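This report covers a residue, a helix and a pocket. Please look over the sequence and the structure first.

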Amino acid sequence: MKRLFLILALLALALPVAAQDMGGCMIEPPESSATVNMIGWTYPIIDFYASELEACNDVDNIDVNTQLLDSGSAHDQLRLALGAGGTSPYDIIMVTEGDVESYVHEGWMMPLNDLVDKYQEAYNISDISGLEDMTVDGILYGLPMELNTRHLFYRPDLLEKHGVDVPETWDDVIDACGVLSAEDSIVIPFTIQLHAGWAWRSEFGNMLLGFGGKPLNDDNTPAFNSDEGVTALEKLVEIVDACMGEEGLTYSIDDSQIGIATGELAMAFTWASRAASMDDPDFSDYVGGIDFAPAPRATEDGLYASTGGTGAGLGIPANIDDDPDLVFQIIMEAMDTESQVRGSAVGVISRSEVAAEADARYLEAVFETIRGGVVGSEVPAIGAVLNPVLGQWLPQIMLGEMSAAELLDAAADAYTAEATAQGFIES
């Protein structure tokens, strides 16, 4: 149902875009001054939304401050702030689907159902795709800003020069790297993001699903240390050895975006949210010269090895000093129809009526990946326990001290102990 919901939203027949407002922030000024702080991580469409949030600074008695860091730093700072207890220093937080599952388990997020009901008519909130991605046990905790997936970025001129077909599988990527490594004009043939523990966990999760595996069994016991899991982890190591090396292991999402735009990379597997910048002359040296393809498959007849859905959303911490009603209105002003019409120039926005109007070269690869890609799980134990455990264990594969099977078995033992302690597995 989840994938069907996304497909219907993304491929909706062209609908007239409602003139929801005349632009700007239309909130009634509060009686007393309010300072609203937001934290997230930077990439083009999030930078756009930050500016939309700050548009409410034009309203008397409202001061909106946005802080955008790199993804790893933002997550670290968020967990420290929310886990410290007391009043949250942030009123608006940027969250992924996995973040919502984890933060809700910790008791860090405010339910939004009542506010959605109150402002449904004013902001046509039901038109926003992906609300189910930020819902836990029937309660909504975040509002999706964008849809996202990972897919292939590539330089067609270099592939043509070296007689390389556009890769369709991960083995094709590895073979292409063997040829492209002889190209003097590039630094690294190809990157995926393996610069941090959470990045290893994310890439492993996609590869595991691509090979037909699953993270957990129905009773929350580990399933990732299966034959499919071993094959997935071994494939990631093979990609590192063939395409990336030690330098490629340091490439963050930002580094890959910059690398493909400046000619350092011939190919990259990264987020659709970074694709619009490839045609931005202020950012890219190869405007019109970067093409896009769906995510590689793990097997020739398998699904695309990438999940798709809500890329990021905005939520409200459970313990804020400011009026949640005002904070919610500020969020909705930044995500209204008029804002998303303009935001569609830099990313895959979340309103279906706007998605029908959007036109960008990379969207075909995005929609194809979402339609034909693997589907992740919404099991709470994944966000609360499994993701942190895998983030700690998976990078150790590059130390060469354990085989893939040994490492995954050790991670499974660590996960089982923690999941049992937290009540996800019956003792």
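## Leu386

Leu386 touches Pro215, Leu216, Phe224, Ala381 and Tyr415, leaving aside residues up to four places away in sequence; contact means heavy atoms within 4.5 Å. Leu386 sits in helix α15 (residues 380-393). Helices (H or I, at least four residues) and strands (E, at least two) are DSSP runs, numbered from the N terminus. Leu386 is buried, at a relative accessible area of 2%; buried means under 20% with a 1.4 Å probe, protein chains only. Its C-alpha atom is separated by 8.9 Å from that of Glu418, 32 residues apart along the chain.

The model is predicted: local features need pLDDT of at least 70, side-chain atom pairs count only at pLDDT 80 or more, and totals for chains, interfaces and linings use all residues. Residues are numbered from 1 along each chain as its sequence is written, and side-chain values use heavy atoms, with hydrogens and water left out.

## Helix α3

Ser71, Gly72, Ala74, His75, Leu78, Ala81 and Leu82 are buried in α3. The buried residues of this helix pack against β1 (34-41), β2 (62-69), β3 (92-95), α4 (97-106) and α8 (197-210).

At the N-terminal end, Asp70 caps α3: a side-chain oxygen lies 3.2 Å from the backbone nitrogen of Gly72. After α3 comes Gly85, with a positive phi near 80°.

## Pocket lining

Which element gives the largest share of the lining of the second largest pocket? That is α10, with three residues. The lining has 22 residues, and Pro44, Gln257, Ala276, Ser277 and Asp280 lie nearest the pocket centre.

A pocket here is an open set of points on a 1 Å grid over the protein atoms alone, where a 1.4 Å probe fits, with protein on both sides within 12 Å along at least five of seven lines; lining residues have an atom within 4 Å of a point.

How values were computed
Buried < 20%, exposed > 50% of the residue type's maximum accessible area, 1.4 Å probe, protein only. Polar contact = N/O pair within 3.5 Å; in protein donor to acceptor, adjacent residues only side chain to side chain.
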